[in-house]
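Q: Hey, I'm new to this one. Can you walk me through it?
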Amino acid sequence: MGNKLTFSSLNALESGSSCLACEFLAPSESQNIRVHAVTQCSPSPLVSCTARVPQGATVSQITAANSEESRDQSTSSRFLRDVHISTRLMEDFLQLAKENTEKDLETCGTLGAFLKNEIFYVTTLIVPKQESTSNSCQAINYEEVFAIQNEQSLFPVGWIHTHPSQSCFMSSVDLHTHYSCQIMVPEAFAIVMAPTDTSSYGIFRLTEPGGMGVLKECQETGFHTHQETADGSPIYEHCSNVYTNSNLRFEIFDLR
């Protein structure tokens, strides 16, 4: 399924779900990334901080290719904890979504992180069972996602989805989806992967208080136009507190 990653099929007998295992070499050591289904939940009340960032990791701030905003212009980034994510995770998600993308169908996934020293490290991508069209993606059986998050004591810091044939932006439906994430975790972000767009991907969040206020009051569903924010700011913005970490380990759970 590509030059960078080799997949092999496995079977999850208890759930009946297919799963994958994949391996790749990191600069300093061999790393195993397992892609599998979870069948039971063992909730833990504590955050696990056992994972460590490998020595020599390269950490870079994510910037928007066509954005004129600077870090100082972000409406609330100075109040947010930083988030580290692997670019490899985004690339692997795009590979898992390839079959849907070729059919002009969206694919979505949830991002889980642990918190250590006031920094969120994204270590888990969960691809739930889902129903998709060319401009929408609805996760189903979401209790399976909650089971993984509870079992591994993960913070739901964001989500990721594709725009197979559209540009890289947040639709009105995306904004409502993200509002429910950001109201729980202020650092929550949304990644839009748009293979046909020159910018390739974007990492967004609702502005505060502007965008969050608009979404809080909006009762409409489906695709629609939102009113302007009270302070004149955009409804959403590029994240300036999210950084790529080249050696951050992660797992992928493909529950489809």
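Predicted model: local features only at pLDDT ≥ 70, side-chain atom pairs only at ≥ 80, totals over all residues.

Q: How many residues apart are Arg88 and Asp92 in helix α1?
A: Arg88 and Asp92 are four residues apart in helix α1, so about one helical turn separates them. As a rule, an α-helix has 3.6 residues a turn, so residues three or four places apart point the same way.

Q: Is Arg88 buried or exposed? And what about Asp92?
A: Arg88 is buried, with a relative accessible area of 16%. Asp92 counts as buried too, at 4% relative accessibility. The cut-off for buried is under 20% relative accessible area.

Q: What about the rest of helix α1, how many of its residues are buried?
A: Helix α1 covers residues 87-96, and seven of its ten residues are buried, so the helix is largely enclosed by the rest of the structure. Besides Arg88 and Asp92, the buried ones are Leu89, Met90, Phe93, Gln95 and Leu96.

Q: What happens at the start of α1?
A: Ser86 has a side-chain oxygen there that reaches to within 3.0 Å of the backbone nitrogen of Arg88.

Q: How far is Thr244 from Arg88?
A: In sequence, Thr244 and Arg88 are 156 residues apart, but in space their C-alpha atoms are 9.3 Å apart. Thr244 lies in strand β14, residues 242-245. At 13% relative accessibility, Thr244 counts as buried.

Q: Back to salt bridges. How many are there?
A: The count comes to eight salt bridges. One of them joins the side chains of Arg81 and Glu187, at 3.1 Å from N to O.

Q: Where do Arg81 and Glu187 lie?
A: Arg81 is in the loop between β4 (59-61) and β5 (82-85), while Glu187 is in the loop between α4 and β11 (189-193), so the pair ties together parts that are 106 residues apart in sequence. Arg81 is partly exposed, with a relative accessible area of 27%, whereas Glu187 counts as buried at 4% relative accessibility.

Q: Which residues are linked with them in a network?
A: Glu118 is in there as well: Arg81, Glu118 and Glu187 are linked in a network of salt bridges.

Q: And how do Glu99 and Lys103 meet?
A: Their side chains meet in a salt bridge, 3.4 Å from N to O. Glu99 counts as exposed at 51% relative accessibility, and Lys103 is exposed with a relative accessible area of 52%.

Q: Changing topic: what volume does the largest pocket have?
A: The largest pocket has a volume of about 590 Å³.

Q: Which residues lie nearest its centre?
A: Ala139, Tyr142, Trp159, Thr177 and Cys181 lie nearest the centre, out of 28 residues that line the largest pocket.

Q: Which elements give two or more residues to that lining?
A: They are β6 (108-116), β9 (137-139), α3 (143-151), β10 (155-162) and α4 (172-182). The largest share, five residues, comes from α4.

Q: Last one: what is the lining like by class?
A: The lining of the largest pocket has 13 nonpolar residues, 13 polar ones and two charged ones.

How values were computed: Residues numbered from 1 in each chain as written. Heavy atoms only, no water. Buried < 20%, exposed > 50% of the residue type's maximum accessible area, 1.4 Å probe, protein only. Polar contact = N/O pair within 3.5 Å; in protein donor to acceptor, adjacent residues only side chain to side chain. 1 Å grid on protein atoms, 1.4 Å probe; cavity = no way out; pocket = protein on both sides within 12 Å on 5 of 7 lines; lining within 4 Å. Points joined across faces, edges and corners; volume = space filled by probe spheres on them. Nonpolar A, V, L, I, M, F, W, Y, C, P; charged D, E, K, R; others polar. Salt bridge = Lys/Arg side-chain N within 4 Å of Asp/Glu carboxyl O.
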